[in-house]
Amino acid sequence: MSSRTRTRRAAGVHTVRIPRQSGRRSDPFVIIVPERPSLTREALGFVGRLLWRFRSALAPTGLSILAFVVASLLHLTAWWSSLVVAPLAAAPLAWLLVMQRRRPARGATFGWRIGLTVLATAAAVWLALAAGFGPLAGPLPLLWLLVSIAAQSVWFFVRPSR
């Protein structure tokens with residue numbers, strides 16, 4: 001078949017030829033043939049719908065990925081930004097001291113406060129070190145993974161349920 005008689009179409013476009021109708025009712029009509037999505041598109045759509053459905057349950061994971069990207073950008077653009085971020089590591093300890101002074105707690109509540117303070121301090125220290133040395137330097141990826149898993153595990157228990 002020569003290239004003059006062959007029609008060129010985009011990928012996935014199907015042509016349906018209908019014989020010409022004669023008589024009184026020869027109104028034109030259109031047949032739409034939907035394109036079948038690929039298996040990859042189906043899988044990505046399924047994963048996307050799952051992520052959207054459980055977006056509140058996966059908030060710490062999303063924040064940890066965002067922190068990884070921010071640390072990468074800070075390291076690439078301005079390594080000295082770690083000196084600005086480093087004092088943030090003291091903020092959770094200050095929060096714990098203020099909370100214990102205003103509303104003293106004992107037992108399980110105090111344990112949760114200590115745990116959250118340690119987790120937030122580890123995350124702030126990781127952000128400062130990753131901004132200065134790069135998020136993939138030395139043991140920083142392992143620390144990022146451990147903090148992310150711990151935050152997601154804690155969030156599983158403390159997040160408001162529906």
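Let me begin with a convention: Ala, Val, Leu, Ile, Met, Phe, Trp, Tyr, Cys and Pro count as nonpolar, Asp, Glu, Lys and Arg as charged, and the others, Gly among them, as polar. What we have here is a predicted model, in which local features need pLDDT of at least 70 and side-chain atom pairs count only at pLDDT 80 or more, while totals for chains, interfaces and linings use all residues. Residues are numbered from 1 along each chain as its sequence is written, and side-chain values use heavy atoms, with hydrogens and water left out.

First, the overall layout. The chain holds 6 helices and 0 strands, where helices (H or I, at least four residues) and strands (E, at least two) are DSSP runs numbered from the N terminus. Of the 162 residues in the chain, 17% are buried; buried means under 20% relative accessible area, exposed means over 50%, and partly exposed lies in between, with a 1.4 Å probe and protein chains only. Taking a contact as heavy atoms within 4.5 Å, and looking at contacts between residues at least 6 apart in sequence, 67% join residues at least 24 apart.

Now to the largest pocket, which has a volume of about 450 Å³. A pocket, on a 1 Å grid over the protein atoms alone, is an open set of points where a 1.4 Å probe fits, with protein on both sides within 12 Å along at least five of seven lines, and lining residues have an atom within 4 Å of a point. The volume is the space filled by probe spheres set on the points, which are joined across faces, edges and corners. There are 18 lining residues, and those closest to the centre are Pro60, Leu63, Ser64, Ala123 and Ala151. Helix 2, helix 5 (108–133) and helix 6 (140–158) each supply at least two residues of this lining, which divides into 16 nonpolar, 2 polar and no charged residues.

Which residues does Ser64 touch, if we do not count those up to four places away in sequence? They are Trp144 and Ser148. Ser64 itself sits in helix 2 (residues 59–77), and it counts as buried because its relative accessibility is 11%.

Turning to the largest nonpolar core, its 5 residues are Phe68, Ala71, Trp126, Ala130 and Leu140, such a core being a set of buried Ala, Val, Leu, Ile, Met, Phe, Trp, Tyr and Cys residues joined through side-chain atoms within 4.5 Å. Helix 2 and helix 5 are the elements that give two or more residues to this core.

Finally, the aromatic pairs, of which the structure holds 3. Rings of Phe, Tyr and Trp (its six-membered ring) pair if their centres lie within 6.5 Å, with planes under 30 degrees apart counting as stacked, over 60 as edge-to-face and the rest as tilted. Phe68 and Trp126 are a stacked pair, because their ring centres are 6.1 Å apart and their planes stand at 20 degrees. Phe68 and Trp144 make a tilted pair, because their centres are 5.0 Å apart and their planes stand at 55 degrees. Since Phe68 lies in helix 2 and Trp144 in helix 6, this pair ties together parts that are 76 residues apart in sequence. Phe68 and Trp126 are both buried, whereas Trp144, at 21% relative accessibility, counts as partly exposed.
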